[in-house]
Amino acid sequence: MKFLVKFFGYLFGIGAAFALLIAAGVWMYLQHLNDGLPDYSALKNYEPPVMTRVHAADGSLMAEYATERRMFLPIQAMPDRLKQSFISAEDKNFYTHLGVDPEGIARAAVRFIQNYGSGRRPEGASTITQQVAKNFLLTNELRVERKIKEAILALRIEQAYTKDEILELYLNEIYFGFGAYGVAAASLIYFDKSVHELALEEAAYLAALPKGPSNYHPYRKTEAAIARRNYVIDRMVEDGHVSFEDGEEAKAKPITVKLRGHGSKLFAAEYFTEEVRREVADIFGTKRLYEGGLSVRSTLDPEMQQIARKTLMDGLIKFDHQRGSWNGPIDRISTGTDWGVELAKIEALSDLQEWSLAVVLESGTSEARVGIQPERLQSGQLEEDRKAGPLFLETMKWARVSGRAPSAVSDVLAPGDVVYVQESAVAPGTYELRQIPKVSGALVAMDPYTGRVLALVGGFSFAQSEFNRATQAWRQPGSSFKPFLYAAALDNGYTPSSVVMDAPLEISQGPGLGTWRPQNYGGKFYGPSTLRTGIERSRNVMTVRLAQDMGMPLVAEYAKRFGIYDNMLPVLSMSLGAGETTVLRMTAAYATIANGGRKLHPTLIDRIQDRYGRTIYKHDSRICDGCTQNAWDGQSEPTLIDNREQVLDPMTAYQITSMMEGVVQRGTATSVRAVGRPVAGKTGTTNDEKDAWFVGYTPDLAVGVFVGFDNPKPMGRGATGGQVAAPIFTEFVKQALAEKPPVEFRVPRGLQLIPINKNTGLRTAGGTPGAILEAFKPGMAPPDSYSVIGFQDTMGVPTYVSPEAGQAVLQGTGGLY
């Protein structure tokens with residue numbers, strides 16, 4: 001008996017020694033692991049990459065930009081059902097354990113023994129806290145050492161953070177597939193809903209995904225996805241979060257996802273959206289754009305943007321139909337057993353939603369039969385139906401081949417040709433041939449008082465060409481520059497009734513450059529004319545003569561003031577718009593005249609907020625006196641102090657506005673009268689009709705339109721600003737302001753309206769033939785004698801002549817030129 005006692009005592013001593021050694025070894029091992037553990041307190045400063053979202057002025061979502069598509073959502077903003085679904089799926093004891101779950105570990109150990117040698121991945125026993133430790137602080141490697149570190153960190157995290165803080169970290173970090181990180185982004189990307197709108201079966205499906213998004217793909221692994229989702233619902237029922245009846249009802253429903261695409265979310269706004277993206281990147285850098293979680297409020301008016309895109313497209317198509325020719329098919333395919341499969345392989349331009357790709361199935365004399373490209377479902381499969389219809393010769397006479405209109409459909413189309421078509425608006429079920437015009441253009445609409453860009457279209461199709469012709473294309477504005485030269489004159493002693501000689505002019509350009517002889521459009525000369533007539537009729541020669549009389553350095557200074565050119569060469573050819581500028585700059589310059597001469601900076605962005613809602617950028621820099629009051633105690637209402645630079649006398653601004661109203665009423669843009677409200681504007685056409693412009697404004701909207709080939713080349717005789725660009729302007733303004741009553745231009749106080757003879761500039765009686773009311777500044781009035789700028793004696797002194805003598809200058813031998 002004593003022997004047995006000694007023996008067992010001996011074994012106990014040895015066991016105790018070994019236990020101490022093992023404990024010491026474990027302690028040393030854990031201490032070694034502890035020394036290499038990351039600092040879990042860094043979770044306090046958690047700032048994950050969050051996507052930036054761009055909104056229109058009315059709050060509509062325009063675009064999302066992200067390296068990881070994530071929206072950070074505070075735990076307080078997450079509905080209980082969503083949180084319960086993840087807890088039931090991942091860690092039902094989350095709110096009771098200390099960071100590790102012994103029950104879960106035991107269950108995983110049993111599964112490991114059962115599956116040993118099968119090659120299956122071991123079942124995890126990680127709690128949500130352990131997953132936070134792994135996702136934020138450790139790697140994803142399958143090693144025992146990593147699991148031990150994970151457990152140690154989980155215990156420490158539980159001591160330092162509340163359960164809700166841990167759950168918040170988890171639900172905002174996990175990956176759901178399709179680029180979605182965090183539940184807020186996943187809800188939008190999978191179902192196009194906020195988390196508060198999710199149904200039970202949708203929340204359960206999201207909770208099923210963290211185990212492996214690719215394993216539960218909604219299309220490729222539909223059965224597995226449904227099984228996993230139903231498992232989550234069963235767990236929620238078992239845990240008491242959902243009633244049995246509600247659970248069974250949710251399990252009976254299919255998985256219906258509505259995947260959210262990348263890029264622009266607002267139809268017709270692609271050029272605008274991309275310009276906003278570039279501007280934000282310039283201000284804050286690319287990293288902050290894609291990871292900073294910025295909230296950008298743009299100036300875009302979605303309704304006006306759609307009108308702008310349609311009117312520009314319609315104008316370019318009209319020009320192409322009138323002056324273009326058939327460009328040929330996009331591609332050719334076989335029209336065998338199932339032409340839809342082959343046609344679906346060809347990618348259509350994504351922003352031409354009104355058009356469809358089609359293949360010519362049959363082509364005859366008076367009509368062809370075309371098959372329409374089948375739609376691709378979200379699952380990736382093609383729809384089974386094959387849609388086809390007729391296309392008639394009468395609707396494609398514009399498709400000239402070798403300069404001639406087609407006499408048969410087969411002259412243009414052959415079976416197998418892939419072309420664009422549009423369903424007829426007057427005969428549904430039939431189609432009309434379409435093609436992308438080779439000519440392009442741009443349109444910008446702006447608030448003239450703030451510089452807020454309300455609509456911007458940079459070309460016919462963003463999907464075809466991302467080059468933005470509104471902001472990136474530097475083109476000659478031609479005669480649309482003239483109002484600024486005339487404004488400089490009116491600001492410096494000239495009046496609208498000043499008379500300038502419109503007669504042949506020769507200018508020496510220096511050694512080796514020859515003589516420049518400016519010409520009017522049409523090649524004629526019209527004798528002495530008032531400044532009003534010069535701008536209304538867009539007289540080139542008298543404009544050059546006026547610039548010569550003023551001096552080009554003054555003109556260059558005004559061009560810089562208005563932001564048209566940064567540094568204009570002070571040479572006379574620049575007076576006719578020979579420099580290069582952009583549509584956005586020209587529109588902003590006209591808007592400056594419209595607002596009475598206050599310099600403005602065009603902007604596409606109203607405000608930018610950081611991820612915490614703090615405003616870090618705003619466009620409006622005006623001072624608001626009284627806006628900091630917390631409550632109203634009878635004080636006066638706040639006032640905005642406009643501290644912007646006054647670059648033009650308000651009286652001058654009205655004078656040039658009145659003269660540009662004449663361009664619309666009597667001049668080179670009479671088609672714009674169809675707008676049916678007061679409009680001031682100016683046409684612009686460059687040499688050989690390479691560029692066509694119309695820039696103008698109403699009292700509350702400034703609009704610039706440009707049309708031209710990307711590689712400048714003649715558009716054809718008669719392709720002027722008045723014929724090509726002005727109709728686009730007209731149609732846009734008619735639709736954009738259809739719901740607003742007409743408003744007259746505001747006349748500054750102090751201006752005198754005096755009747756003058758529009759031909760001589762001399763005072764006359766109101767109501768007499770040729771009389772027109774002209775605006776004069778205080779202290780200025782129509783001249784008493786007839787003086788012609790550019791008509792001088794041999795000593796260079798201006799000569800005062802009668803109107804009849806002025807007209808005689810253009811007759812006889814020409815010795816007076």
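This is a predicted model: local features need pLDDT of at least 70, side-chain atom pairs count only at pLDDT 80 or more; totals for chains, interfaces and linings use all residues.
**Entry 1: helix α17**

I started with the buried residues of α17, and my list reads Asn 540, Val 541, Met 542, Thr 543, Val 544, Arg 545, Leu 546, Ala 547 and Met 550. Buried here means under 20% relative accessible area, with exposed over 50% and partly exposed in between (1.4 Å probe, protein chains only). That is 9 of the 11 residues of α17 (residues 540-550), so this helix is largely enclosed by the rest of the structure.

Residues are numbered from 1 along each chain as its sequence is written, and side-chain values use heavy atoms, with hydrogens and water left out. Helices (H or I, at least four residues) and strands (E, at least two) are DSSP runs, numbered from the N terminus.

**Entry 2: the sheet with β6 and β19**

Next I looked up an open sheet of 5 strands, in the order β2-β1-β6-β19-β20, with mixed pairing. Two strands pair if DSSP finds at least two bridges between them. β2 (61-65) and β20 (615-618) are at the edges with a single partner strand each, so one side of each has no neighbour in the sheet. On average, neighbouring strands in this sheet are turned by 15 degrees against each other, direction ignored.

I then picked out β6 (residues 295-298) and β19 (residues 605-609), which pair in the antiparallel sense over 4 bridges. Here Arg 297 stands opposite Arg 607 in β19.

**Entry 3: the sheet with β3, β4 and β5**

Another open sheet has 3 strands in the order β3-β5-β4, again with mixed pairing. Its edge strands, β3 (69-70) and β4 (175-177), pair on one side only. I saw that β3 and β5 (residues 180-181) pair in the parallel sense over 2 bridges. The bridge partner of Arg 69 is Ala 180 in β5.

**Entry 4: α8 against α9**

How do the axes of α8 and α9 cross? For α8 (residues 200-208) and α9 (residues 222-238), the axes come within 8 Å and cross at roughly 110 degrees. Axes are lines fitted to C-alpha atoms, for helices over the stretch in contact, and angles run from 0 to 180 degrees between N-to-C directions. α8 and α9 are therefore roughly perpendicular to each other, a term covering 65 to 115 degrees.

Among the residues making the contact (heavy atoms within 4.5 Å) I noted Tyr 205 of α8 and Met 236 of α9.

Definitions and conventions. Angles under 35 degrees count as roughly parallel, over 145 as roughly antiparallel, 65 to 115 as roughly perpendicular and the rest as oblique.
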